[in-house]
Structures are given as C-alpha cells and as structure tokens.
Amino acid sequence: MKKTLLKIYKQLKKREVVKFVSLAKTNGYSGWDLDLEEIYEKDRGAYSEFVEELANALSAEGLLLSVTVHAQEGTPNDWVGTKGQDWESLSQSADFIRIMAYDFSNTGTLPGPVTPLEKLKAILKYATKVIPIEKIVLGLPTYGYDWREQGESVQYTDALKILEKHNVTPTRDEKSW
C-alpha cells in the first residue's frame, strides 16, 4: 500500500510541475515565484525535492524560479513556520531566494518595529552563510502600523500624509536602531 501511495504522489507532483511550466510558457512569464508558507517541518525534504524538480523543469525551458521564504536566523528558536524551509537546499535549486524580513511586530503583537535592525542583521548573517549572495533577494516593508488602537496597517505614503497633517517631523526611536 505504501509504495502505491508514494507512486501516486510522485505522479501528481510531476503533473503539477508540468502545469507550472506550461502556464509560464503559455502566458509569456519569465518563470515563477513560489510562495508557500508555514510548511510543516516533517515536509521539509519533500518541499525541497519539489522545488528541485520544478526548478529543473523550468530551467530546461529557459524559465526562472524564485522561492519566497520566512525570515529565520538558523537557530532552534526560529518560528515554527520556518522549519519546513531548508534555505541551503532551496538555494541549490532556485535561481533566487526571496526573504520576507518583515512583520515581526504586526496586528497580532504588541507595538514594535516591523523589521527590528538586530533581527535583520541576524537574518542576513545566516542567509549569507547558506545562500549564495547573488541569489538573495531581501523583502523589506514599506509600511508600518498605527498602534493607537489594535495596530492598523499604514503605507509609507499615508504615514507621510498623517505627519504633514499634524505638522510632525518624523524621527526614529533609539530602540529601532
């Protein structure tokens, strides 16, 4: 029974890879950005294998693959949602690794920086150890949160309008540096 299920899984995976390639070619895409989040740690190897197969199939057609990943520091304390993404393995297959270095503070947390600089430094330190530097794409926020109530998302241009409306000069607090 186990071998049959594994065979079916591999056939489905191959079929999905073919669909990705076909869609990209049909629509004139240069490739795909794969943004699958919160992959279970137990699926880490299967996810890396899927990315490898997809990258190989796309590359054979002259198409690119970038993989978007959760920010991590490569420590046991990393968020559980990062555990299914093996940056080193993914970077061996994908053309680019896009790191989501934001939302450390958000609508579900206490007020704080969206991307704390110390976290960013730790993420980049780890990334440059396991990913070739020419493959790293860093995703940074152009927004913040208005913490007066529950943390409402505010785009940068809207924040500038609010500051202007209230005749306030923007400053950065010492904790954020």
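Is Tyr-102 buried, exposed or partly exposed? With a relative accessibility of 30%, Tyr-102 counts as partly exposed, where buried means under 20% relative accessible area, exposed over 50% and partly exposed in between (1.4 Å probe, protein chains only).

1. Basis of the note. This is a predicted model, in which local features need pLDDT of at least 70 and side-chain atom pairs count only at pLDDT 80 or more, while totals for chains, interfaces and linings use all residues. Residues are numbered from 1 along each chain as its sequence is written, and side-chain values use heavy atoms, with hydrogens and water left out.

2. Aromatic pairs. Seven aromatic pairs are counted, taking rings of Phe, Tyr and Trp (its six-membered ring) with centres within 6.5 Å; planes under 30 degrees apart are stacked, over 60 edge-to-face and the rest tilted. The ring centres of Tyr-102 and Tyr-143 lie 6.5 Å apart with planes at 75°, so this pair is edge-to-face. Tyr-102 sits in the loop between β3 and α4 and Tyr-143 in strand β5, 41 residues apart; helices (H or I, at least four residues) and strands (E, at least two) are DSSP runs numbered from the N terminus.

3. A tilted pair. Tyr-145 and Trp-147 are 5.5 Å apart centre to centre, with 45° between the planes. Tyr-145 is buried at 15% relative accessible area, whereas Trp-147 is partly exposed at 23%.

4. Largest pocket. Its volume is about 1200 Å³. A pocket is an open set of points on a 1 Å grid over the protein atoms alone, where a 1.4 Å probe fits, with protein on both sides within 12 Å along at least five of seven lines; lining residues have an atom within 4 Å of a point. Of the 31 lining residues, Tyr-143, Gly-144, Tyr-145, Thr-171 and Arg-172 lie nearest the centre. Helix α5 gives the most to this lining, with five residues.

5. Second largest pocket. This pocket holds about 310 Å³ of space. Among its 15 lining residues, His-70, Ala-71, Trp-79, Tyr-102 and Phe-104 are the closest to its centre.

6. Beyond its neighbours within four places in sequence, Ile-131 is in contact (heavy atoms within 4.5 Å) with Trp-87, Ser-91, Ile-97, Ile-99 and Ile-136.

Definitions and conventions
Points joined across faces, edges and corners; volume = space filled by probe spheres on them.
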